[in-house]
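Me: I am new to this structure and would like to learn how to read its features one at a time. Please show me the general idea and then the case at hand.

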Amino acid sequence: MLTDSHAHLDAAEFDTDRQQLFCDMQQSGIDRALIPGVSPADWAKQQRIAAAFHCPYALGIHPWYCPADIPAAVCQLAEQLQQHLAEPLLVAVGECGLDKPRANFPEDDARRVGWEQQVALLEPQLALAVQYQLPVILHAVRCHAELQAILQKYPGCYGVIHGFSGSYEVAMRYWQLGFRLGIGGLLLDASAKKLRGAVKRLPLAALLVETDAPSMTPVTLRPARNTPLTLLAVVAEIALLQEKTAVLVSEQLERNFIQLFER
């Protein structure tokens, strides 16, 4: 049975058919999904759904949802981590990270989150991950050099770079820093040559498989909603690129997930 290492199954897009989706996942050989956190406002719903469907989850604050009062939000996160640390379903800190395009939006764009704000939100979450000895789930968009420099300041920090789309060289640097690479539906796009080349060369032990459902719908499914069922096609593509059997790849990917997240 496979695990989707990153799926927002608490999202409103699944409110009408979440139970059926989990039934479909089971029938397809997908046992569970890790549900990452994005905002304090969503943590309670996320935890309820994780408990109801026996899914692991993470708590964190995504850079897109940077709060006005960062210290207060980080304190709230620390309190939640401390409160739920004994629960086996709480397995990581995140989703947190950096997103350079968001920092470059015009000043009058409500979606803009300044770079300094993003860094100020990320660093204490990395510190919490080290403090509680939890892996961290990182969002990284066009910021690999900056993020890698920050990670070097937090020895003992480890986890996954979610939705990775970079080069082999960038991936290997993350792997050396203690981070696996989350590979999703972008791999199914024939034009994603940099990512496909990286996956072909990377050690299978460095990879996790994910969908980021309901976001990051592969070109092969658009405009349909993305779900963890996409996982099977991603695994098959990894197997094709690495010239291995899908069974071998599936087994190793599940071992990778267990090694990183099982407590």
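Me: What volume does the largest cavity have?

Reply: Rolling a probe the size of a water molecule over the atoms shows where empty space is left. In this predicted model, the largest cavity has a volume of about 40 Å³. The count of cavities of 30 Å³ or more comes to 1.

Me: Which residues line the largest cavity?

Reply: The lining consists of Leu-2, Thr-3, Ser-5, Leu-208, Val-209, Leu-253, Glu-254 and Phe-257. By class, these lining residues divide into 5 nonpolar, 2 polar and 1 charged.

Me: Let us turn to pockets. What is the volume of the largest pocket?

Reply: A pocket is an open set of points, whereas the probe cannot get out of a cavity. The largest pocket here has a volume of about 830 Å³.

Me: How many residues line the largest pocket, and which of them lie nearest its centre?

Reply: The lining of the largest pocket is made up of 32 residues. Nearest the centre of this pocket lie His-62, Trp-64, His-139, His-162 and Asp-212. Sorted by class, the lining of the largest pocket has 13 nonpolar, 10 polar and 9 charged residues.

Me: Which strand supplies the largest share of the lining of the largest pocket?

Reply: That share, 3 residues, belongs to strand 5. Strand 4 (90-99) and strand 5 (136-141) each provide at least two residues of the pocket lining.

Me: Which residues make the contact between helix 6 and helix 7?

Reply: Helix 6 contributes His-144, Leu-147, Gln-148 and Leu-151, while helix 7 contributes Val-170, Arg-173, Tyr-174 and Leu-177. The contact of helix 6 with helix 7 has 5 nonpolar, 2 polar and 1 charged residues.

Me: Are helix 8 and helix 9 roughly parallel or roughly perpendicular to each other?

Reply: The angle is again the value to read. Helix 8 (residues 193-201) and helix 9 (residues 231-242) pack at about 70°, with their axes 8 Å apart. Angles of 65 to 115 degrees count as roughly perpendicular, so helix 8 and helix 9 are roughly perpendicular to each other. Their crossing is right-handed. In this pair, Arg-196, Val-199 and Lys-200 of helix 8 meet Glu-237, Ile-238, Leu-241 and Gln-242 of helix 9. The residues of this contact divide into 3 nonpolar, 1 polar and 3 charged.

Me: Which residues of helix 5 and helix 6 make the contact between these two helices?

Reply: Helix 5 (residues 115-131) and helix 6 pack at an angle of about 35°, with their axes 11 Å apart, and their crossing is right-handed. From helix 5 come Trp-115, Val-119, Leu-122, Glu-123 and Leu-126, and from helix 6 come Glu-146, Leu-147, Ile-150 and Leu-151. This contact has 7 nonpolar, no polar and 2 charged residues.

Me: Finally, I would ask about the backbone. Which residues does a cis peptide bond with omega of about 20° join?

Reply: That cis bond joins Gly-94 and Glu-95, and Glu-95 is placed in strand 4. The peptide bond from Ala-213 to Pro-214 is also cis, with omega near 5°. Pro-214 lies in the loop between strand 8 and helix 9.

Me: What is the value of phi at Gln-133?

Reply: Gln-133 has a positive phi of about 55°, although this residue is not a glycine. The loop between helix 5 and strand 5 holds Gln-133.

Definitions and conventions: Residues numbered from 1 in each chain as written. Predicted model: local features only at pLDDT ≥ 70, side-chain atom pairs only at ≥ 80, totals over all residues. Heavy atoms only, no water. Contact = heavy atoms within 4.5 Å. Helix = DSSP H or I, 4+ residues; strand = E, 2+ residues; numbered from the N terminus. Nonpolar A, V, L, I, M, F, W, Y, C, P; charged D, E, K, R; others polar. 1 Å grid on protein atoms, 1.4 Å probe; cavity = no way out; pocket = protein on both sides within 12 Å on 5 of 7 lines; lining within 4 Å. Points joined across faces, edges and corners; volume = space filled by probe spheres on them. Axes fitted to C-alpha atoms, helices over the stretch in contact; angles between N-to-C directions. Parallel < 35°, antiparallel > 145°, perpendicular 65-115°, else oblique. Left-handed = near helix turned anticlockwise from the far one by under 90°.
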